[in-house]
Structures are given as C-alpha cells and as structure tokens.
Amino acid sequence: MIALISSVPEEGKLFADQLRKKSVIGGKAVFRGRFCDRDVVYVVSGMGKVNAAHAATLLCEHYSPDMIILFGVGGAYPSTDLRVGDIAVAEKEIYGDEGVLAKDGFHGTDFIGIPLLKEGKKKYYNEFPLDKRLVSKTMKLITHHSTLDIALKAGTFVTVSACTGTRKRAVELRERFNALCENMEGAAVAHVCAVYGIPMVEIRGISNIVEDRNRAKWNMPLAAANCQKAVAELLAHLPSPTSPSVA
C-alpha cells in the first residue's frame with residue numbers, strides 16, 4: 001500500500017475523485033481504493049505541522065503503508081531557477097523555526113543539545129534526510145514519463161510555521177539552508193516517517209516565488225494540477241518499495 005497526504009482538498013482532488021471509499025479517522029477525511037492498479041489510501045491532513053504529523057501517524061497506525069507520498073504546493077525561494085508551475089522533489093526536510101533566536105542569529109536544536117528524535121545512535125535535530133535512492137528513482141520516473149513542459153528539481157525543503165512574506169526573509173532562509181522551497185508540513189511528516197521507519201517522498205508544485213507577498217502573482221490551481229500529475233505518473237511506474245529495482 002502507498003499512502004498519500006496533502007494539506008487541503010484542492011491539492012488532491014484527482015485522487016479523492018478516484019478513490020471512492022471514503023471514511024473519517026481521527027476527524028480527517030480518508031479515501032481508499034485502487035489507483036494505477038495499486039492499493040492507495042489518501043488523507044487530507046489540514047494545514048501545518050501538527051495536522052500533518054497527526055495524519056501521518058494515523059496512516060502509519062491504521063494502514064502500515066509501504067511508503068508515504070506527501071504532495072501539494074510550495075513557494076520557491078528566489079534564485080533557484082524554479083518558476084510557477086514547476087515541480088520540486090525533497091532530498092531532505094528541515095524544520096526552519098525550531099531552535100533559538102539569539103543575538104548572533106538563528107541556531108537549530110543542536111545548539112540546545114536536545115535532538116527532536118533519537119533512533120539508536122542516530123540523532124535528528126532540525127534536519128531529516130530522505131532516502132537518496134528513492135529520491136533518485138522518483139526524479140528519473142517523473143522525468144521519463146511526464147508530459148508536462150516544466151522544470152523538475154530536487155533539493156532541500158524548509159518547513160516553516162509562518163509563511164515567508166518578504167524577499168529579505170526568503171533570501172535569508174535560502175542561504176541559511178541552501179534550500180529550494182518552503183512549505184508548512186514536510187518536516188513533520190518526515191519526522192513521523194523516521195519514527196516508524198517508513199520511506200517518504202515529498203513532491204511540491206511551485207505556486208509562487210517567495211518574495212514580498214503578492215497573491216496576484218500566484219497560481220495555486222496550476223501548481224496543484226501539475227503536482228498531482230507528477231504524483232500520478234510516479235504511482236503508475238514506481239516499483240514496490242520492497243523491490244530491489246527501487247535501488
């Protein structure tokens with residue numbers, strides 16, 4: 001089984017319309033059925049880290065998925081060469097807000113000395129890397145099979161609690177984390193996936209360039225549509241996460 005998460009219904013209408021078995025678990029809408037001859041479950045998480053972590057936990061506990069795909073729209077940082085409608089794939093997720101804001105600037109949770117997650121000898125502070133082989137396979141499959149005339153880039157995503165609304169702040173975050181784009185859910189889902197040992201892929205359609213906030217320049221429908229097409233192509237061609245061909 002592959003589990004899908006988006007924060008709002010508009011980001012996942014393609015899947016909700018085809019996965020007709022609908023239920024409510026933990027107050028969240030869950031759709032289950034067959035898509036591209038796969039057993040798929042899709043949940044609308046709601047916006048933000050807590051909602052996303054709750055949704056991912058529900059999926060892990062109720063369905064034990066082989067993989068989770070988080071998808072939706074995101075804002076690209078300036079000078080990343082991404083345009084509205086392009087697709088970005090996460091190589092790692094970073095909590096952009098957790099830490100300490102001191103006189104000399106921002107420090108992550110490693111500055112405090114308390115990891116957000118400890119698994120054996122491995123400690124996770126702000127950064128949650130995603131599986132390199134799965135990211136590579138995702139990029140290759142979408143590139144090979146997509147009919148969209150758009151750019152596709154992989155890189156670092158930043159998860160924030162407050163969306164960036166100024167170019168100055170966008171440049172600061174891009175340079176601090178060497179990041180492509182920002183969102184409000186990804187690090188929380190990556191965190192939960194690390195807890196349960198479940199592989200995760202995150203795909204974002206670029207709805208806007210992060211600058212001085214001007215919604216007239218945004219295109220949420222285009223970003224959501226392109227992202228769903230990319231996810232659908234991935235579902236159609238991705239081998240089982242347990243298959244050696246994923247490597």
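## Close-up views of a predicted model

**View 1. S45 sits in a loop and is tucked away.** S45 is found in the loop that runs between β4 (38-44) and α2 (49-63). This is a predicted model, so keep that in mind for every view that follows. Is S45 buried or exposed? S45 has a relative accessible area of 3%, so it is buried. Beyond the residues up to four places away in sequence, S45 touches I5, S6, S7, K28, N51, A52 and A55.

**View 2. The whole chain gives us our bearings.** Let's step back for a moment. The chain has seven helices and 14 strands. Its C-alpha atoms fill a box of roughly 55 × 45 × 35 Å along the principal axes. For 247 residues, a compact globule would have a radius of gyration near 18 Å, and the 17 Å of this chain agrees with that. Of the 247 residues, 51% count as buried. Among contacts between residues at least 6 apart in sequence, 74% join residues at least 24 apart.

View 3. Y77 has its place in the loop between β5 (67-76) and β6 (87-95). Because its relative accessibility is 0%, Y77 counts as buried. Which residues does Y77 touch, not counting those up to four places away in sequence? They are V158, A170, L173, R174, A179, L180, C181, E182 and V210.

View 4. In soluble globular proteins, nonpolar side chains tend to be buried together. Here the largest nonpolar core has 66 residues, and L4, F15, I69, V189, I203 and V231 touch the most other members. A second, separate core of 10 residues includes V160, L173, A179 and V210. Back in the largest core, pick out V231. Leaving aside neighbours within four places in sequence, V231 is in contact with L4, F15, I69, F71 and I203.

**View 5. A nonpolar patch lies on the surface.** F111, I112 and I114 form this patch, and together they have about 310 Å² of accessible area. F111 belongs to helix α3 (residues 109-112). With a relative accessible area of 49%, F111 is partly exposed.

View 6. The structure holds 13 salt bridges. In one of them, the side chains of E127 and K92 meet at 3.4 Å, N to O. This pair links distant parts of the chain, with E127 in strand β11 (residues 127-129) and K92 in strand β6, 35 residues apart. In another, the closest N and O atoms of R169 and E172 are 3.0 Å apart. Because R169 and E172 are three residues apart in helix α5 (residues 167-177), about one helical turn separates them. E202 and R204 also meet in a salt bridge, at 2.9 Å, N to O. Are E202 and R204 buried or exposed? E202 is buried at 0% relative accessibility, and R204 is buried at 1%.

**View 7. H144 is a helix residue on show.** H144 is found in helix α4 (residues 132-145). At 62% relative accessibility, H144 counts as exposed. The C-alpha atoms of H144 and E233 are separated by 9.5 Å, although these residues are 89 residues apart along the chain.

Methods
Residues are numbered from 1 along each chain as its sequence is written. This is a predicted model: local features need pLDDT of at least 70, side-chain atom pairs count only at pLDDT 80 or more; totals for chains, interfaces and linings use all residues. Side-chain values use heavy atoms; hydrogens and water are left out. Patches are made of residues with over 30% relative accessible area and no salt bridge: like charges are joined within 9 Å, nonpolar side chains (Val, Leu, Ile, Met, Phe, Trp, Tyr) within 5 Å. Accessible areas come from the Shrake-Rupley method with a 1.4 Å probe; for residues, only the protein chains shown count as cover. A salt bridge is a side-chain nitrogen of Lys or Arg within 4 Å of a carboxyl oxygen of Asp or Glu. Helices (H or I, at least four residues) and strands (E, at least two) are DSSP runs, numbered from the N terminus. Buried means under 20% relative accessible area, exposed over 50%, partly exposed in between (1.4 Å probe, protein chains only). The radius of gyration is taken over C-alpha atoms; the globule rule is 2.2 Å times the number of residues to the power 0.38. Contact means heavy atoms within 4.5 Å. A nonpolar core is a set of buried Ala, Val, Leu, Ile, Met, Phe, Trp, Tyr and Cys residues joined through side-chain atoms within 4.5 Å.
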